[in-house]
Amino acid sequence: KQWYQRRVRELHVHLAKTLLSQGHLAPLPLHVMPVYWSHDHALSLYPIPDVIVVADKYDAFSVTATDSLIINPGSFPKSNYSFKVYMPAQRKVENCEISA
């Protein structure tokens, strides 16, 4: 189980580094994901933001890379109603949960 958790953590770090190094929210080649050029600037990550929230249905995580915090709160109903709270003054993320 530790091996699996370590590999998942490595994937989260790799995702964060890929987004930041490519400077784009969709760092995929053109043959995989065509680009609608007149709106492409909206997905640009320049200048690199302090926080990026990647909200999808996969496991929740928070990773710090190159002074930028990448957060995925995960699926709200699938994670026992847990969510993340970002405190900008402290640049911290806190895990929270609604108890039943």
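Buried means under 20% relative accessible area, exposed over 50%, and partly exposed in between, taken with a 1.4 Å probe and protein chains only. The model is predicted, so local features need pLDDT of at least 70 and side-chain atom pairs count only at pLDDT 80 or more, while totals for chains, interfaces and linings use all residues. Residues are numbered from 1 along each chain as its sequence is written, and side-chain values use heavy atoms, with hydrogens and water left out.

View 1. From the N terminus on, the elements follow the order α-β-β-β-β-β, where helices (H or I, at least four residues) and strands (E, at least two) are DSSP runs numbered from the N terminus. The C-alpha atoms fill a box of roughly 45 × 35 × 25 Å along the principal axes, and 23% of the 100 residues count as buried.

**View 2. The salt bridge between Glu10 and Arg7.** A salt bridge (a side-chain nitrogen of Lys or Arg within 4 Å of a carboxyl oxygen of Asp or Glu) joins Glu10 to Arg7, with the closest N and O atoms 2.8 Å apart, and the structure holds one salt bridge. Both residues belong to helix α1, where three residues, or about one turn of the helix, separate Glu10 and Arg7. Arg7 counts as partly exposed because its relative accessibility is 42%, and Glu10 counts as partly exposed at 38%.

**View 3. The largest nonpolar core, with ten residues.** A nonpolar core is a set of buried Ala, Val, Leu, Ile, Met, Phe, Trp, Tyr and Cys residues joined through side-chain atoms within 4.5 Å, and the largest one here consists of Ala16, Leu19, Leu20, Leu45, Ile52, Val54, Phe61, Val63, Ala65 and Ile70. The elements giving two or more residues to this core are α1 (2–22) and β2 (61–65). Leaving aside neighbours within four places in sequence, Phe61 is in contact (heavy atoms within 4.5 Å) with His12, Leu15, Ile70, Ile71, Asn72 and Lys84.

**View 4. Ser75 in the loop between β3 (68–72) and β4 (82–87).** Ser75 counts as buried because its relative accessible area is 15%. The side chain of Ser75 reaches the backbone nitrogen of Lys78 at 3.5 Å. Apart from neighbours within four places in sequence, Ser75 is in contact with Asp56, Lys57 and Tyr58.

**View 5. Ala55 in the loop between β1 and β2.** With a relative accessibility of 61%, Ala55 counts as exposed. The C-alpha atoms of Ala55 and Asn72 are separated by 5.2 Å, although these residues are 17 residues apart along the chain. Once neighbours within four places in sequence are left aside, Ala55 is in contact with Asn72 and Pro73.

**View 6. A nonpolar patch on the surface, formed by Leu25, Leu28, Val32, Met33 and Leu43.** Patches are made of residues with over 30% relative accessible area and no salt bridge, like charges being joined within 9 Å and nonpolar side chains (Val, Leu, Ile, Met, Phe, Trp, Tyr) within 5 Å. Together the five named residues have about 390 Å² of accessible area. Leu43 sits in the loop between α1 and β1 (51–53) and is partly exposed, with a relative accessible area of 31%.

Note on methods:
Polar contact = N/O pair within 3.5 Å; in protein donor to acceptor, adjacent residues only side chain to side chain. Areas by Shrake-Rupley, 256 points an atom, 1.4 Å probe, with all protein chains shown as cover.
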